[in-house]
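Here is a short report on charged side chains and their partners. Start with the view below.

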Amino acid sequence: MEMEEIFDAEGSFDDASCLSPQSPGSTSPARRQNKEKEIKETKITINCVTFPVPTSVPEQQLLKPSEWSYCDYFWADKRDPQGATVSGFEVLLQKQLKGKQMQKEMAEFIRERIKIEEEYAKNLSKLSMFPMAAQEEGTLGDAWAQLKKSLADEAEVHLKFSSKLQSEVEKPLLTFRGDNFKKDMKKYDHHIADLRKQLVSRYAAVEKARKALADRQKDLEVKTQQLEIKLSNKTEEDIKKARRKSTQAGDDLMRCVDLYNQAQSKWFEEMVTTSLELERLEVERVETIQQLLRQYTTLRHETDMFNQSTMEPVDQLLQSVDPAKDREFWVKEHKTGDLRPVDMDI
C-alpha cells in the first residue's frame, strides 16, 4: 500500500557553522581563553542547539523517568538513509502520519473481509436452494432438508456479520481522525520549525557578535602594544576609544547570547508541550484501534455461536435418523402386497 505523502519540515538545520563547539568571548584575552576552554569542556553546539557534554556534567534527570516519553528522547537531529538531516520532532511527526496510514490500511483490510463474507453468504444462500436430493424420504430426508435450510440460516448470519463489520469496525476506522488530522500535524510542524529557524538566526547573530568582539579585542591589543613600544603616535584617547568599542562588542555579544538562550528556551518549552500532545494522540490511536479490533473478535465469536445454532437442528435430526422407521414409512407408502408366493399344486 502506498503511504500518504509525508510533508517535509521547512528549512534545514544542517548549518556547517553550527556543527563545532563554540563559546562566547570575554573582554580580556586570558579570561577569554580560560572561559572558552571551560565552556568547550562542558557544552557543545550541534546544528545550532547547545547541549551539555555527557562526560563533563552529572547525568541529566529525565523529564518523565521510566515512561519512555517522547519529551525525553527526541532532542537531537539525525541523518536519514539519504543523508539528509531530520530533526527529532520530524521523527515524531512521521510516526503520527504512519499511524494514520496504518489505520487506513486496516480499514481496507476489514473492507476485504466484508466482501468475502458477503460473497460467502450469497453462495451459501444460492446453494441452499439447489434441488439436489430433494426426493430423499423419511427421517434421513428430514435431516437432509434441515441441513439445506441451515445453509440459508448460515448465509443470514454471515450477512449480519458483514453488516456489523462495516458499521462497527470499518467505518470507525475510516472516520477516526478525519481530513483535518494532517492539517493539524502541519501546524505543529510549521510552529516548531519556525522556532527552530529563529534559534538558527539567533545563533548566527551570536557568532557574528563573537567575531566582532574578537576583532575589537585584537585591535585594542595591537594599539596598546604599539603605544607601549612607541611604534605609533596613537594617543590614550585612541586607546580609550578602542576599549569602548571592545566593551560595546562584549555587551553586544552578551545581548545576542541572551536572545539565543531565550529562543532556545522557547523552542524547548514548545518541544516538550507538543511532543507530549503527540504522545497523547498516539496512545489514543493505539487504544482506539485496540477497542475496534476487540469488537471484530467479539463479532467473530458471535458469528461462530450463531453458526453453531444453525447446526443444532441438523444434529438433532441426524440423531433421530432411524433406518427401521424409514423402512416402515417407505414400505407403507410403496408396498405392492404382503401375500407371499406359495408352491403350485398339481
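## Glutamate 284 and arginine 177

In this predicted model, glutamate 284 has a relative accessible area of 32%, so it is partly exposed. Its side chain meets that of arginine 177 in a salt bridge, 3.0 Å from N to O. The pair links distant parts of the chain, 107 residues apart. Glutamate 284 sits in helix H6. Arginine 177 sits in the loop between helix H4 (138-175) and helix H5 (180-228). Arginine 177 counts as buried, because its relative accessibility is 11% and the cut-off for buried is under 20%.

## Glutamate 279 and lysine 64

Helix H6 spans residues 236-320 and also holds glutamate 279. This glutamate 279 is buried, at 16% relative accessibility. Beyond its neighbours within four places in sequence, glutamate 279 is in contact with Lys64, Ser69, Tyr70 and Cys71.

Glutamate 279 and lysine 64 form a salt bridge, with their closest N and O atoms 3.8 Å apart. Lysine 64 lies in the loop between strand S2 (49-52) and helix H2 (70-73), so the bridge ties together parts 215 residues apart in sequence. Lysine 64 is partly exposed, with a relative accessible area of 24%. Salt bridges with shared partners join Lys64, Glu67 and Glu279 into one network.

Glutamate 117 and arginine 113 both belong to helix H3 (residues 88-128). They are four residues apart, about one turn of the helix. Their side chains meet in a salt bridge of 2.7 Å, N to O. Glutamate 117 is buried, with 4% relative accessibility.

## The total

The structure holds 17 salt bridges.

Terms used. Residues are numbered from 1 along each chain as its sequence is written. This is a predicted model: local features need pLDDT of at least 70, side-chain atom pairs count only at pLDDT 80 or more; totals for chains, interfaces and linings use all residues. Side-chain values use heavy atoms; hydrogens and water are left out. Helices (H or I, at least four residues) and strands (E, at least two) are DSSP runs, numbered from the N terminus. Buried means under 20% relative accessible area, exposed over 50%, partly exposed in between (1.4 Å probe, protein chains only). Contact means heavy atoms within 4.5 Å. A salt bridge is a side-chain nitrogen of Lys or Arg within 4 Å of a carboxyl oxygen of Asp or Glu.
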